[in-house]
Amino acid sequence: MAKQVKSIKYSAIISAAKVLFWKYGFRRVTIDEICKEAKTSKMTFYKYFPNKLEVARAVFDKVADEGLLRFREIFTENSTPSIKMKKILQLKFEGTDSISSEFLNDFYNNPELGLTPHIEAKTSILWKETLEIFKSGQKEGWIRADMNVEFMFRFMQKATPLLTDTEVLKLFNSPQELIMELANMFVYGISPADR
């Protein structure tokens, strides 16, 4: 029972931190605000996390791990390539819901905050795993066999700085719109999507 309560409180802190970080970024959010959103005390917060940086790393890992798990599930489903791609785009859409430019700047463009090494290491693992899934897809026939998968991944990595480019962000109503534009280009190129 005590372990279950611990798990519930830990999950509440992670969920609350995610909501606040997505909406306001890392710098603006305080531990007091996370505790208030999670309906828990600072004492409980410090039982699980020594500081805000550690909870931010835990949030990023949880979101990344859950996303990769769902990604694998979609690609192992017995469905058409078109349906798989639509589900991947929906997954991306749900994962970026309410994401702010403050979040993107703090998590991807401010190394002085201390998040960058962790995010780069985790992202590197995710890219490698995703690359292997795509190569499997080529063998199974639901990804174009003549596509240079390594090039596509390098292309997407080079596009990441666009997420924090203020001039590019002005072209969209929200950071989520920009992310979905990149995801749609990755999946459909410039062809109209069969929605």
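The largest pocket is lined by 46 residues, and nearest its centre lie Lys 92, Tyr 108, Thr 123, Leu 126 and Trp 127. A pocket here, on a 1 Å grid over the protein atoms alone, is an open set of points where a 1.4 Å probe fits, with protein on both sides within 12 Å along at least five of seven lines; lining residues have an atom within 4 Å of a point. Two or more lining residues come from each of helix 1 (2–24), helix 4 (52–76), helix 5, helix 6, helix 7 (116–140), helix 8 (149–159) and helix 10 (175–188). Helices are DSSP runs (H or I, at least four residues), numbered from the N terminus. Helix 7 gives the largest share, nine residues.

This is a predicted model, in which local features need pLDDT of at least 70 and side-chain atom pairs count only at pLDDT 80 or more, while totals for chains, interfaces and linings use all residues. Residues are numbered from 1 along each chain as its sequence is written, and side-chain values use heavy atoms, leaving out hydrogens and water.

The second largest pocket has 14 lining residues, with Met 85, Arg 144, Met 147, Phe 186 and Val 187 closest to its centre. Helix 5 contributes the most to this lining, with four residues.

Now to the loops. Lys 39 is in the loop between helix 2 (31–38) and helix 3 (42–48), and its phi is near 55°, a positive value. Most residues other than glycine have a negative phi. Ser 98, in the loop between helix 5 (81–95) and helix 6 (101–108), also has a positive phi, near 70°.
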